Amino acid sequence: MDTIIRNTTILTMNAHNEILEHADILIRDDVIAKIGPNLAETAECAQIIDGSGKLVMPGLINGHCHVPMTLLRNYADDMDLQTWLFDHIFPVEDRLNDEDVYWGSLLGIMEMIATGTTCFADMYYHMDSIASAVESSGIRAQLSRGQTCMDTGSDFSGNRAMQESVDFVKKWNGAAGGRITAAMAPHAVYTCSADYIRAIARHAEKLEVPIHVHLDETATEHEDCLKNHGKTPTAYLSDLGLFDLKTIAAHCVWINGDDMALLKEKDVSVIHCPASNLKLASGIAPVPQAHSMGLNVCIGTDGASSNNNLNLWEDMYLTSILHKGNTRNPKVITAVETLRMATVNGAKALGMSCVGSVEEGKKADLIMVSLEKPHIKPLHNICSALVYSAQGSDVCMTMVDGRILYQDGEFRTIDREKVWYHLEKVCNRLFG
Ligand SMILES: [Zn+2]
């Protein structure tokens, strides 16, 4: 089945960040088959979309999320991370069941596809429920079962989280036509023992899946690691062999120059979560330095209870302005660099070379943004307009694998009323 998008502006995010005007895109099944002016209508053409007044760009990639935490949105705010996590979040999470996680995930996925995110990396538990929501909604995701355990001297053969994690990888890696990939996820240095991290790394290596980890998020984590292990969280995890596996590291707020050199050497991707880091007062990650040292920096929302939404446009905006103010240098992290972080860099981090740019042969994971808006006109510079002026609500179409998931306010794969109904039931049970 073919789809043609006619007469549109394309921000390709190819190697030259090329922008094409008055271009057509032919999408055949799940692939971008052809890009060019005035493409001929094909015999298999099932739909033609008018792209005038709109911009097509790669779907956004959210590099760090805990999608069911939408259920905890605006539930515990204005407190430090340790209090927030241990006194408020963990006690509710202990009461979550598979069904809660399924509906919370669908809610978060609705929010992401309505704001142009086509792929996200997630770390949580009740992972079968999240994978089911990803499968039915049509979005793309790399999913991992977050693991915490401070036991030492064990082979962890009876460890429930380890078993669930391994089972999840075996069941879901490559599922939903390849839209779902799996990773393994030691939660953080302060919630996992060295033995546990080594055991997770051994399993991940054997299963040939990557690692998703929280890294150096707070000053407390950094100082405690120095006190307990005599090294920074980055050096500690590197010495445990974790970074010998392909890894995405969320936050990296307190990493120093040596840490950055190590992350660069080990090809670890840094997931910058500015809204979460600011809201939890964790600090400001040294993104300009990491970027200038050639690290692969991407952008993530983190969970909706520390952001408090999953709209990546806000995190793009923060990424682009926060570091200018912090370094008092308006030249750092340009609009186009920010857009690369949210698209191609995210694809590279997740090992998904098939997405991240609008180019012939790539998967048709793309979004349309309306340019006919008062806050965007006049259109002097497209990249500036997208990063400094556009809103998530300007997204008017979201496509994954050539399938439209969202168009003009309507969800094509998710029953909005059904989600609202179940959400109310879940919240009554959890908080009623
Ligand atoms: Zn997180």
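**Zinc site, surface patch and burial**

In this predicted model, Tyr 317, Ile 321 and Tyr 388 make a nonpolar surface patch of about 250 Å².

Q: Why is Tyr 317 called partly exposed?
A: Tyr 317, in helix H11 (residues 312-327), has a relative accessible area of 37%. Partly exposed lies between under 20% for buried and over 50% for exposed, so Tyr 317 falls in that class.

Q: What makes His 64, His 66, His 214 and Asp 302 donors of the zinc ion?
A: Their atoms, NE2 of each histidine and OD of Asp 302, lie 2.1 to 2.4 Å from the zinc ion. The cut-off is 2.8 Å, so these atoms count as donors. In sequence the spacing of the donor residues is H-x1-H-x147-H-x87-D. Among them, His 66 in the loop between strand E6 (60-65) and helix H1 (81-93) and His 214 in strand E10 (residues 211-215) link distant parts of the chain, 148 residues apart.

Q: Why is the site of the zinc ion called irregular?
A: The angles among its four donor atoms run from 84 to 175 degrees. Tetrahedral requires all angles between 85 and 135 degrees, so that label is ruled out, and the site is classed as irregular.

Q: How do you know that His 66 and His 214 are buried?
A: The relative accessible area is 7% for His 66 and 5% for His 214. Buried means under 20%, so both residues qualify.

Q: What makes the pair Thr 9 and Glu 21 a polar contact?
A: Their side chains are joined at 3.2 Å, and the limit is 3.5 Å. Thr 9 lies in strand E1 (residues 2-11) and is buried, at 11% relative accessibility.

Technical notes:
Residues are numbered from 1 along each chain as its sequence is written. This is a predicted model: local features need pLDDT of at least 70, side-chain atom pairs count only at pLDDT 80 or more; totals for chains, interfaces and linings use all residues. Side-chain values use heavy atoms; hydrogens and water are left out. Donors are N, O and S atoms within 2.8 Å of the metal (3.2 Å for Na, K and Ca); water is not among the atoms, so sites may look incomplete. Four donors count as tetrahedral if all angles lie between 85 and 135 degrees; four count as square planar and six as octahedral if opposite donors are over 155 degrees apart and all others between 65 and 115; anything else is irregular. Helices (H or I, at least four residues) and strands (E, at least two) are DSSP runs, numbered from the N terminus. Buried means under 20% relative accessible area, exposed over 50%, partly exposed in between (1.4 Å probe, protein chains only). Patches are made of residues with over 30% relative accessible area and no salt bridge: like charges are joined within 9 Å, nonpolar side chains (Val, Leu, Ile, Met, Phe, Trp, Tyr) within 5 Å. Accessible areas come from the Shrake-Rupley method with a 1.4 Å probe; for residues, only the protein chains shown count as cover. A salt bridge is a side-chain nitrogen of Lys or Arg within 4 Å of a carboxyl oxygen of Asp or Glu. A polar contact is a pair of N or O atoms within 3.5 Å; within protein, one must be able to donate a hydrogen and the other to accept it, and residues adjacent in sequence count only if both atoms are side-chain atoms.
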